[in-house]
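Hi,

Here's the structure I promised to pass on.

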Amino acid sequence: MKKVKIGRLTLKNPYLLAPMEAVNDIVFRKLCSKCGAGLVYTGMTNPLTQQNLSLEDKPAIQFFCNTEKGVKEFIKKHEKETRLFDFNLGCPSKLAKKANIGCFMLDDSSKLEIIEKVLKIARESTKKPLTIKIRKSKNSLQVLKIAEKYCDAITIHPRTCAQGYSGKPDIEFAKQIKRLTSLPMIYSGNVNEKNAKDLLKYFDAVMIGREAIGNPNIFSRLTGKKNLVTFKDYLKEAKKRKFYFSQIKFQAMNFTKGMKNAKKMRLRLIHAKKLEDIESIFELSQTKHI
Ligand SMILES: Cc1cc2nc3c(=O)[nH]c(=O)nc-3n(C[C@H](O)[C@H](O)[C@H](O)COP(=O)(O)O)c2cc1C
């Protein structure tokens, strides 16, 4: 299996769980790691809000901001709990637009200075690898040049901000960026079991996003690991950790993907009010200690 070097970090394989807000809770991340993911990311986190992050699995921590305020403190606080820090310049959500973060920051040429400030402070605050995640943008090249001064790798999701998560990712654009830099490059955008290996001919690693939702086993299949997990594994650990019911129900919906009666199960899940309802839908009710 191809190993990947990102600064001082060596990943055992090039198949990474993409950062996904709400989806990548600690239990889901741990299942993806168990199935062999080379690296798992948190969802994007604001350094200024003191969230209680569960980081005992040492994930890559992704942060977003439009000011350097709080970045140094955040990085120092979490340095020992992470394998790398990633700066988000790709979020296309309405909230990101309002806060002028993510890809709206990337697309705004007047923000290049603050992007550099954030990366400089982050670089000075940690010896852990530092990366950025960008989209296709008129400023991609300029940001690449800035990243080369401070970062150990770059992730590209070659859709524009306006495309959000739909439409074709511009793989040629990503390849062009790769040719222009010696930084390791991680590719993100519609990666699946079929195209992952081919993409690795051009990029150092690939991120799996939506294909991994409810489907940690994609990493087992890609890495040839024998570990296979089910929603029962998720539920067992989420119950132990006293996760909110809404989060468990959300992941239950996700795990129906590819199941025989997925549509029926989802219809029933909509009405689930308590854990027992979910257990019954997944036919786990008979199991006393799951
Ligand atoms: C539910 C969801 C949440 C996401 N949250 C984040 C996030 O917090 N940070 C980030 O950089 N990208 C986020 N993304 C984008 C993914 O990391 C990835 O770049 C994108 O989905 C394209 O890859 P895919 O086609 O494999 O899903 C999110 C995507 C989804 C679907």
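Predicted model: local features only at pLDDT ≥ 70, side-chain atom pairs only at ≥ 80, totals over all residues.

On the α10 side the contact is made by F231, Y234, L235 and A238, and on the α11 side by I248, Q251, A252 and F255. Sorted by class, that contact has seven nonpolar residues, one polar and no charged.

What about burial in α11? In this helix, which covers residues 245–255, I248, Q251, A252 and F255 are buried. They span an arc of only 110 degrees around the axis, which puts them on the same side of α11. Besides α10 (231–240), the buried residues of α11 pack against α1 (26–34), α12 (262–270) and α13 (275–281).

On to the backbone. Most residues other than glycine have a negative phi, but K242 has a positive one, near 55 degrees. K242 sits in the loop between α10 and α11 and counts as exposed, with 6 C-beta neighbours inside 10 Å. E283 also isn't a glycine and has a positive phi of about 55 degrees. You'll find E283 in the segment after α13; it has 10 C-beta neighbours inside 10 Å and so counts as exposed.

Last, the ligand: 22 residues surround it, and the closest are A18, P19, M44, G209 and R210.

Cheers

How values were computed: Residues numbered from 1 in each chain as written. Near = placed C-beta within 6 Å. Buried ≥ 20, exposed ≤ 12 C-beta atoms within 10 Å, placed from the backbone. Helix = DSSP H or I, 4+ residues; strand = E, 2+ residues; numbered from the N terminus. Arc of directions from axis to C-beta. Contact = placed C-beta atoms within 7 Å. Nonpolar A, V, L, I, M, F, W, Y, C, P; charged D, E, K, R; others polar.
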